Amino acid sequence: MVTKTETIKEEKKEAIKKLPAKKEKYYEAVGRRKEATARVRLFTKDKRFIVNEKPMENYFTILRLQKEVVSPLEKMKITDKLGATVKVNGGGISAQAEAIKLGISRALIEFNPIFRKRLRKLGLLTRDARVVERKKPGLKKARRAPQWKKR
């Protein structure tokens, strides 16, 4: 007689056998800015740039943000050698673009540690720690006081 645990173990083994072979090697890093978090994977074979399962041009419709996202690759002169897939959430589109930029810079160091010095000099490895200041009690915003009236 076969027990439940044995059948579950057999099902797991079969499921593991059915898994596809591991895809190409990638270099992964995380970038953050304000409330935005980006998980970046750089690929050497696939040259496409995908953000949240959309082409980068469709996700970032503003040209300035597109340039900002690929700036680390342009500065290292390897735009044609690497592609990336990015999962980003939180924040606005500008913060998301900056989070992706930091994630790409960190992944480039994994790809080639020699890039660290050049990226550091260009200021691409510094995490911008500025975030929104909290609202204080008695005020309308973080520092905006209610309008004063004499009478």
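Leaving aside its neighbours within four places in sequence, which residues is lysine 101 in contact with? Hold that thought while we look at the whole chain. This is a predicted model, where local features need pLDDT of at least 70 and side-chain atom pairs count only at pLDDT 80 or more, while totals for chains, interfaces and linings use all residues. Residues are numbered from 1 along each chain as its sequence is written, and side-chain values use heavy atoms, with hydrogens and water left out.

The protein chain has five helices and five strands, which are DSSP runs (helices H or I, at least four residues; strands E, at least two) numbered from the N terminus. From that end, the order is α-β-β-β-β-α-α-β-α-α. Of its 151 residues, 30% count as buried, meaning under 20% relative accessible area, with exposed over 50% and partly exposed in between (1.4 Å probe, protein chains only).

Because its relative accessibility is 21%, lysine 101 counts as partly exposed. Back to the opening question: beyond its neighbours within four places in sequence, lysine 101 is in contact (heavy atoms within 4.5 Å) with Glu68, Val69, Ser71, Pro72 and Leu124. Phenylalanine 49, with those neighbours left aside too, has Val69 among its contacts, along with others including Leu73 and Ile104.
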